[in-house]
Structures are given as structure tokens and as C-alpha cells.
Amino acid sequence: MDQHQPTWTYRRLVNAQKLLCALLCCVFCAIAANAQDASRKRPLRWGADPSGGAPYVFTDPANPDRYIGYEKEMVDALAAAMGRTPEFVPSDWETLVSALQRNSFDIIVNGLEPTGDRARQILFSNPYYIFQLQLTVRQDDSRISSLADCKNRVVATLGNTAASRLLQQEGIPFRSYQDPVGAYRDLELKRIDAVLMDVPAEAFYARPNPKLKPAGAPFTRGLYVIGLRKGDDALKAEVDQAIDKIIRDGTLETILKKWGLWNDAQVEFQAPIRAGDQATANVEYTTTNAPFNWGEALWRLTRAAGVTVFIALGSMVIAVLLGLPLAVGQWKGQAWLRALCTIYVEFFRGTPVLVQLLFLYFGLPVIGIAMPGWLTALVGLGLNYAAYESQVYRAALEAIPHGQWEAAYSLGMSPTLAFRRIILPQAFRIALPPMTNDFVSLFKDTSVAFAISVWELATAYRELANASGQFLLLGLAVSAYYLIMSLPMAHLARLLERRLSNRSTERMIEAEPAEVGA
Amino acid sequence: MIRVSGLRKRFGASEILKGISFEVPPQTVLGIMGASGSGKSTLLRCMNGLETINDGTIECDGVRLEAKISHADYRRRVRDLRLKVGTVFQHFHLFPHLSVLGNIIEAPVHVLRTPKKNAETEALQLLESVGLAGAARRYPGSLSGGEQQRVAIARALAMHPALLLLDEPTSALDPRRMNSLRALLRTFVDRGHTMIIISHSMGFLGGVADNVLFMEGGLVVEHGPTDQVLNSPRDPRTKDFLEQAD
């Protein structure tokens, strides 16, 4: 037993060592395997705009917590071919490129067209789809049968697309929309004359609508590619390979057929790739390559600034004219009038102005009131600011000492005369600084008109900057415009205030009894 | 002739004026005295229609305001009454956004429809008579209290009232300014004006009023010629008040 003891111990020790080695091995293997796994299974983060994004990628109406679309299915197939899991990052069409550069996702898959100015900012994969453009008009419209008939009409399209560039090149007045739904709705409401859109979107949104019809056949051909960050060449190679694979094995054809997007153009495009000929992969992009024109951009900004000034001034007039009766109604009116005014004020102050504009623009047409965008913005902001102005006036009116009324009455003035000649002029002085303040912020608030496709300064900035990538320079230019507009206003108001206060009325109100007999 | 009879005024449950009657002969000054809360100011506010009366009548130069008439009728008569009665408030209530001249011509031009030129000429004469000939273009905020009071007097007189009411005109005047105000008011009486002046200062009333009325608890306690009321009051309450004053 005595001899056995050490041997046994020794063996046990050796065994333990072996066990430890084996364990360590296992751990290393596991780590190594994990690392390999991680690189293989790193998610493929892709960005696209799902709002109004059918049939590319959009919210499933039957199942609102998931996304569907032919590009969604295509990305699933691509990711499978790459051995990765797809991860969708909902984003915004106009800012897709900058979001990609900010690393919000790794690739853009959203019917992206390769253009010259995008090529300066990002990498393109090989193309995966040939799109065409389709012009749509109202069913009863016989004036327009092709783009040539649109020289003096307003055509709508999505901002920063091949279609918008084409319209710009042809010198056709156009309005940019955030999504096809709004564009086709405004066409129905006669706010615009025609819509030019990529065929996939046109096929989904316009063709089933009995009030609309295609004008002429689809025309021009362009490419859809996947966008990647500059320098991400490894991923580009991986993506190109995957595109090649899903074209060759017919997966893409199946998806496109399922969505009704398979056509002659796709057959012609896929044939050489399936035959193993890579030559067509390096396609030139021609129709959509318009260089950024600074002169024209500044001219468009200037016009947009004009629209901003017009909307701001117009809505201020409404706000001032409507604010005063609201203030007086709330201040001196009978109970029912006071309640009515209070409801108005609380409604317009308590709900976001953006929602109010959307309501006026999209909601009112339901009951037959379809105003153009600029008028909607003007009226909407006017109604909204009237609520704020009324509170400014009410505070100012209430600040006038009661003695002023009594003095006016005792001189035989009627309430109306006393109000007009004695109370109002004094209240105006008190209200002037907050009014100036509101007017300056109204100037800035005109930017919400962007939501209803009004081409004002903020919309212009967004579109031009997205088209050119010149966020910094254009941003400075736009800020300069806003300042040029608001600074003279503030200056003017200060001058007026100073002129009024030269009459040193404040001193009197404050020092009334104390100075007596001084 | 100015005549008040049986005037009553209630605020909720408390009656402030409990049946006031008096007369003011033309071209005379009636001084009203009384402790705080005796109802003097309410009486004044009833006389220019700023308070609605509950009972009694106020007659002034042919306008007769009485309680218990229709609302519309009452309002019409209040307007007429205000054209007959001018008021100089204790704190003047000048219009701060208007120049001195603007303050004076505002009501003649917009209420009486006097042509602006005529109103201005008259306003400048009034300013001269209150000793502020050079102040026409100044604004109330730049005037002293005494100057503001003179503008307020000129503003009220520009409407040619049959009766001028002055609420505590001496409350913040030093003795020298009190004397000059007394002289000023007397010149206007000599020119034909009739006045009611509320004041705590017996010295002031003694020199300006023809008659004095003493109020307490919403009632007239004593009313008579100035000399008699101030120097040999008949009612013990008046005597008591006078002994404690000045």
C-alpha cells in the first residue's frame, strides 16, 4: 500500500495534467471556432426607406411589425449566399448616403441608381435590376401623352432620383415628394399634372388606381445597384459574388416574378451573366449623371428663400388678424365665446404644427377641400400662430391698468373707442417684443412645410445637400439665408420699440403715485 | 343745478351708500370729507357712471340718471351724464402713449367730433391757464406729479363739463403746491365751473369750498357752508373727526 500510494498520486497528477491540456485545447478551439463563426455570421446591416417603399421594402399591411418587399427577399437571398444574417435598418431615402457614411448600416439596398455625384461619395456593387421610368396622369387627362407635353406643367417625382434628374435636365418644373403615395394622391387631387416614377413603384401604386393611367410606354433604362462605403472593397467583392450567384441560380428571377417585376429588360440583362459573361457587369451610367451645379443650386435656394418669406409673412398676417379677436373673445367675451376661443387656442397649442399641416394637406381633401401645398402651409402656420399671438395680446391687454379704461369712459368714450384709441395702442407696445420673437420663430417654423412637399428653404437644403453631399457648404448658405431674413426683422422691431419707448411711458406707469408732487 | 337724492349703492351684501341727498348750486365748490370707507369715493364713482346705482337719482344739467330703468336706457343716460361730468382721478390716469396735447384733444376730437385744429387751439389755451404752456409736445412720463395733475384738469375741462369731480387732489401735494392748486381751481370757478372735491385736508377745503359735506358710514352727517361745518360743527361725529384731523 505504501508503495502504491506515490504511484497512484503520480498517475493522478499526470491524468490531471492531460485533462487540463485537453480542457485548454477545447477552450482555444471553441474561441477559434467562435471567432471564425463571428466573422462568418456577422450580420449584414442594410438600409432602406420603408415608408411608401412598396414594392422595394415596406411594412406588411397584414402584419405591421414586419417588413416585406422584393428587395427584402433579395437581401435575404444575398445574405444566405454570403453566410450572414440580414439585419434591416429602416432609414430615410433622402439621407441614405449620409447614413451609410455614418456607419448606421453597411449597404444601401433601395433601388439605388448609380450616379456621378453618388460615385464620388460611395462604392457601387454590380447592378441587379434594370428599371424604366413611367409617366402617369389622371384618367380624364388627354393633354399629356409624353414627357414632351409637360414643359409647362408640374410633374412630381421622388427627390434625388433618376427621374428628378431627368426632369431637371429637360427643364420641366417638378416637385419632389418623400414617397410615391403622396405624389399619386396629389395627382388625383389635381395639385399636380403628372407623376414620373420608377416602374416598380408605379406598378405597385399607380396601376391599380382606376383614377390614374399611364401616359405612353415606359422609357429609358437605368440600373439598380447596392451602395457601400468607400474602402469597403472586401464587402463589395462579397456582395458582387452573391449577386452573381442569385442571378445564376435563378433565385432573383423567382423573386422578381413573384412581385410581377420580371420583364424583357431583366431577361436581356441577366442573359450574359447567366452565360458566364462578366463584361456587362461594368455598366456605364449615363442618363442619370448630372454634375452638381453651384450656380443653379444657389438660384434654387434663393427661390426657396422667397417661398419661405412669402409663407412666413402670409401666415403672420393671418396670425395677427385672427389672434386679436381670439384674445378679446377670451378676455371679455361671454361664457360660450370664451370657451370657444379657449378650445381653439388649446387645440392649436396642444398639438404639433406638423400634425396640423399633415391634417390640412391630406385630411381636408377627404371633405373636398384640396389646397396647394404653399397655401396649406400658409394657412396652417397662420392658424397655429394665431393661437400663440392671441395669448400674447391677451397678456398685453390685461396688463393695461384698469384706470385707463375708467379715464376713457369718464371722458365719454364708448368701450369700442376706448379700446381702439387708448387700450390697443398701449397693449401693442407691450406685445411687440414677444411678437417679434414669434415672427422670427415663425420664419424657422416654415421648415415644417417640407413635410407637405413645399419647396421652401429647409426642403431645398435637404434635397440639394443630399444630391451633392455638400451638407456643410450648403448648410452655411442656408443659415445665411435664414439670418438675412430674420436679422432685419429683429432690427426693425427694435427700432420700433425704441421709438415707442422714447415716449417713456413705462416710467409713468411704474412711478405714478410716487412721483406725485416731486 | 346738480342734485343727488336718495342715492344707494350696494356691493353684494354690504351697502356702501345708504341714501345720500345733496345739491350743489352752480358756480360753487362742494367739499366732501369723511373717514376712509365712509363712501366718498363710491359716491364720486356713481356720479360719473363708473358704478351702477341701486336706488335714487343723480341729476346734472338736465341729465337724470335713476335706478330701476331699463338697461339700455340706463346706459344711454350714463353716456349723457359722462359728457356733463368731468373727473380728475387721484392718480390722474393720463394716457401714456399720447402727448400732453394728445391727451387733451383725444376726447373732444373723437367723442365730440370737434375739428382737430379747433380742439388744439382750445387745448393750448387750457394748458396756458393751468401754467403748462410749454409742455404740449411732452409725454406724461416726463412730467412731475403736479404737472400731470394740471394736465388731467385740462383734459377734463376740454370736454366743457357742467360739473368737475376731483378725487383727493391734495393727497400728494406739498403745502406750496396745494396753495397754487387752490388758486387755480378758484379761477375756474370764477369762470363758471362747478366742482365737487374730495379731500382730507381741511386747510385746503377751507380755502376752496363754498360748502362742505361730511360723510360717515354711507350717510350724510352734516352739510352746510364751509365756515359753519369746519368751525362750529353741529354733529358730534363731525366735531370728533375735525378734532383728530390736521
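1. How many helices and strands does the secondary structure of chain A come to? In this predicted model, chain A contains 19 helices and twelve strands. Of its 518 residues, 39% are buried, and among the chain A contacts that join residues at least 6 apart in sequence, 74% link residues at least 24 apart.

2. One helix pair in chain A can be described in some detail. Helix H11 of chain A, residues 294-332, and helix H18 of chain A, residues 471-501, have axes that come within 11 Å and cross at roughly 35 degrees, and the crossing of H11(A) and H18(A) is right-handed. On the H11(A) side the contact involves A:Leu298, A:Leu301, A:Ala305, A:Thr308 and A:Val309, which meet A:Ala477, A:Val478, A:Tyr481 and A:Met485 of H18(A).

3. Turning to chain B, four strands make an open sheet in the order S2-S1-S4-S5, with antiparallel pairing. Strand S2 (14-24) and strand S5 (63-66) of chain B each have a single partner strand and stand at the edges, so one side of each is left without a neighbour in the sheet. From one strand to the next, the twist averages 20 degrees. Strand S1 of chain B, residues 2-11, pairs with S2(B) in the antiparallel sense over eight bridges, and within this pairing B:Val4 has B:Phe22 in S2(B) as its bridge partner.

4. Helices also pack against this sheet. Helix H1 of chain B, residues 40-47, touches S1, S2 and strand S4 (55-60) of chain B, and its direction makes about 65 degrees with that of S2(B). Helix H2 of chain B, residues 71-84, lies across S4 and S5 of chain B and runs at about 130 degrees to S5(B).

5. Leaving aside neighbours within four places in sequence, B:Arg3 is in contact with B:Glu23 and B:Glu59. The C-alpha atoms of B:Arg3 and B:Leu43, which are 40 residues apart along the chain, are separated by 13 Å.

6. Strand S3 of chain B, residues 29-34, has six of its six residues buried, and it is therefore largely enclosed by the rest of the structure. Both of its faces are covered, with B:Val29, B:Gly31 and B:Met33 buried on one side and B:Leu30, B:Ile32 and B:Gly34 buried on the other. S3(B) runs parallel to strand S8 of chain B, residues 195-198, to which four bridges join it, and B:Val29 stands opposite B:Met195 there. S3(B) also runs parallel to strand S9 of chain B, residues 211-216, through five bridges, with B:Leu30 opposite B:Asn211.

7. The largest nonpolar core has 79 residues, of which B:Ile58, B:Ala154, B:Ala158, B:Leu165 and B:Ile197 touch the most other members. Helix H5 of chain B, residues 145-157, supplies the largest share of this core, namely six residues. Neighbours within four places in sequence aside, B:Ala154 is in contact with B:Ile104, B:Leu126, B:Leu127 and B:Val130. Apart from this core lies another, of 71 residues, including A:Phe58, A:Ala156, A:Val199 and A:Ala201.

Conventions
Residues numbered from 1 in each chain as written. Chains lettered and ligands numbered in written order. Predicted model: local features only at pLDDT ≥ 70, side-chain atom pairs only at ≥ 80, totals over all residues. Axes fitted to C-alpha atoms, helices over the stretch in contact; angles between N-to-C directions. Helix = DSSP H or I, 4+ residues; strand = E, 2+ residues; numbered from the N terminus. Left-handed = near helix turned anticlockwise from the far one by under 90°. Contact = placed C-beta atoms within 7 Å. Core = buried A, V, L, I, M, F, W, Y, C linked by C-beta atoms within 7 Å. Buried ≥ 20, exposed ≤ 12 C-beta atoms within 10 Å, placed from the backbone. Pairing = 2+ DSSP bridges.
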